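Reader: I have a model open and would like to learn how to read it. Could you take me through a helix and some charged pairs?

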Amino acid sequence: KTIILGFSKGVVVVNQLVTELSHWAPGSMENTVDVLRPNPSHLTQNLLVPTSSTDVLSSISEFHYVDVGLNCAGAYITDHEVIKRICDYVVHAGKNIRFVLHGTPRQWSDPSRSWIRKEKDIMLQVLRDEAQRSELRLVSSEKLYFEGRPRSLLMHFEILEAMDIS
């Protein structure tokens, strides 16, 4: 199993991985690889780390968005179609995928970047809506850290020590 963590602006890469995985949904025009079967060239090797893009994407079990924030829109995936295709993928593959959104007041309560919280709320709602359709194979949650403390750049980095991925 592979757990993907994206911190701060690094979530741009996580969003790309989620989007790539969504293209593997049944019926997707982009679906050119069977992600339900491991890469045959690696079956006999005892590998700890997946070695191909197919192996990496098919091994993902969790995505953690950690105190995400950008100075423009796009911090969280708000495209319902992408999340819908992730749901189709988990149902078809018989897999579970978990999304956890970790945040601090630094990002989620910044009045000068209100779109961050709005995007987070939209993504979480779409994930929850699709969870019902996926027979709860698509799991999502949010965790707020340092609630009640004044927003600070320090808390943005302290979340790395405080976060709980269990």
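Author: We'll take a helix, then salt bridges. This is a predicted model, where local features need pLDDT of at least 70, side-chain atom pairs count only at pLDDT 80 or more, and totals for chains, interfaces and linings use all residues. Residues are numbered from 1 along each chain as its sequence is written, and side-chain values use heavy atoms, leaving out hydrogens and water.

Reader: Which residues of α1 are buried?

Author: An α-helix has 3.6 residues a turn, so residues three or four places apart point the same way. In α1, the buried ones are Val11, Val14, Asn15, Val18, Leu21 and Ser22. Seen down the axis, they fall within an arc of 125 degrees (taken from the directions from the helix axis to the C-beta atoms), so they line one face of the helix. Buried means under 20% relative accessible area, exposed over 50%, and partly exposed in between, with a 1.4 Å probe and protein chains only. Helices here are DSSP runs (H or I, at least four residues) and strands are E runs of at least two, numbered from the N terminus.

Reader: And what does aspartate 88 form a salt bridge with?

Author: Side chains of opposite charge can pair when their charged atoms come close. The rule is a side-chain nitrogen of Lys or Arg within 4 Å of a carboxyl oxygen of Asp or Glu. Aspartate 88 pairs with arginine 133, with the closest N and O atoms 2.9 Å apart. Aspartate 88 sits in helix α3 and arginine 133 in helix α5, 45 residues apart. Aspartate 88 counts as buried at 18% relative accessibility, while arginine 133 is partly exposed at 40%.
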